[in-house]
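Here is a short note to read with the model open. Take the points in order, and find each residue as you go.

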Amino acid sequence: MSFDLKNESDVKEYLDKLGIEYRFGCYSEKKADVCHLLGDYLEGIKKDFDKAGKVYRSNCDDYGYAKSCLKYGNYSFLGKGRASDKGDPVKAYQYYEKGCQLNDPDACLHSGLLLVSKSIPKEMKRDVGKAFQYLTKSCEMNNANACFYLSGMHISGVVKDEFKAKEQELHQQKSAHQKDKPASSASLPTLPEGAYVVERDMQKAFEFAYKACELRNMYACANLSQMYAKGDGIPRDEKKAEKYKQLALEMQDEIKKEQQKLNFQQGLNPT
């Protein structure tokens with residue numbers, strides 16, 4: 001049977017049949033991919049977030065479907081669909097981690113970002129080392145944001161908690177020294193070996209930024225331009241610096257145009 005998708009009654013009939021097909025595929029045939037589609041249908045078409053959340057959770061718990069683990073993690077984090085009365089980062093992390101173990105790159109990204117968050121709940125332990133592993137896994141699966149975040153970690157380095165007071169002290173010494181002798185900092189003490197969870201490494205920072213830029217991360221392209229301009233992690237190259245600057249600007253323009261298109265489609269805001 002064909003449907004005229006310009007006809008309101010045909011559209012309604014089509015969507016109703018789609019829901020019946022998804023329910024049959026999920027509940028009778030027990031197909032995990034169809035269960036996820038059912039969750040998306042309940043979320044996007046029916047706007048029934050309670051039922052959508054239950055489908056995502058069941059599909060993750062019962063069938064180990066990675067994308068449903070990610071979705072229920074998002075629901076838990078936001079307190080959406082009665083996944084929790086309010087946002088629950090602890091429950092969210094449990095589902096993100098499961099999704100990551102099932103090889104979903106976005107779930108690995110969210111697992112890593114929660115573990116490095118400075119506003120992490122007291123029930124969770126901040127673990128930069130483990131976060132680095134999850135972000136690395138996500139980047140290896142071509143998640144641009146994870147690659148970009150890893151680049152940033154290598155640009156600054158991440159100091160272990162027990163050395164942070166010492167790092168601040170050395171930073172103050174360096175600032176005072178540069179006022180007196182701005183041309184020299186060679187005599188200043190440094191943190192001992194093993195003080196970093198993630199070592200400062202501009203070559204690795206460049207490699208991660210390059211991959212993130214290739215995956216269309218605008219901010220990584222901008223950083224890449226600066227690295228080429230300064231010779232950080234890569235030999236100085238003004239032509240490539242300009243190339244990646246222009247690429248970042250092109251991406252910025254694309255985002256602006258897309259946002260303008262969305263605003264136009266939403267119609268005029270009431271005044």
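**Notes on the cores and salt bridges**

1. Start with the largest nonpolar core, which has 41 residues. Met-153 and Leu-224 have the most contacts inside it. Keep in mind that this is a predicted model.

2. Which elements build this core? Those giving two or more residues are helix 5, helix 6 (105–116), helix 7, helix 8 (144–156), helix 10 (202–214), helix 11 (218–230) and helix 12 (238–266). Helix 10 gives the largest share, seven residues.

3. Now look at Leu-224. Set aside its neighbours within four places in sequence. Leu-224 is then in contact with Phe-206, Ala-209, Tyr-210, Cys-213 and Tyr-244.

4. Another core lies apart from the largest one. This other core has 16 residues, including Cys-26, Ala-52, Tyr-72 and Tyr-95.

5. Turn to the charged side chains. How many salt bridges are there? The count is eleven.

6. Find Lys-12 and Asp-16. Their side chains meet in a salt bridge, at 3.2 Å from N to O. Both residues sit in helix 1 (residues 8–28). They are four residues apart, about one turn of the helix. Lys-12 counts as exposed because its relative accessibility, 56%, is over the 50% cut-off. Asp-16, at 29%, counts as partly exposed. Lys-46 joins in too: Lys-12, Asp-16 and Lys-46 are linked in a network of salt bridges.

7. Next, Glu-43 and Lys-80. This salt bridge has its closest N and O atoms 3.8 Å apart. The pair links distant parts of the chain, 37 residues apart. Glu-43 is in helix 2 (residues 32–44). Lys-80 is in the loop between helix 4 (66–78) and helix 5 (89–101). Is Glu-43 buried or exposed? Its relative accessible area is 15%, under the 20% cut-off, so Glu-43 is buried. Lys-80, at 28%, is partly exposed.

8. Last, Glu-97 and Lys-130. Their salt bridge brings the closest N and O atoms to 3.2 Å. Glu-97 lies in helix 5 and Lys-130 in helix 7 (residues 128–140), so the pair ties together parts 33 residues apart in sequence. Glu-97 is buried, with a relative accessible area of 17%. Lys-130 is partly exposed, at 31%.

Terms used:
Residues numbered from 1 in each chain as written. Predicted model: local features only at pLDDT ≥ 70, side-chain atom pairs only at ≥ 80, totals over all residues. Heavy atoms only, no water. Salt bridge = Lys/Arg side-chain N within 4 Å of Asp/Glu carboxyl O. Buried < 20%, exposed > 50% of the residue type's maximum accessible area, 1.4 Å probe, protein only. Core = buried A, V, L, I, M, F, W, Y, C linked by side-chain atoms within 4.5 Å. Contact = heavy atoms within 4.5 Å.
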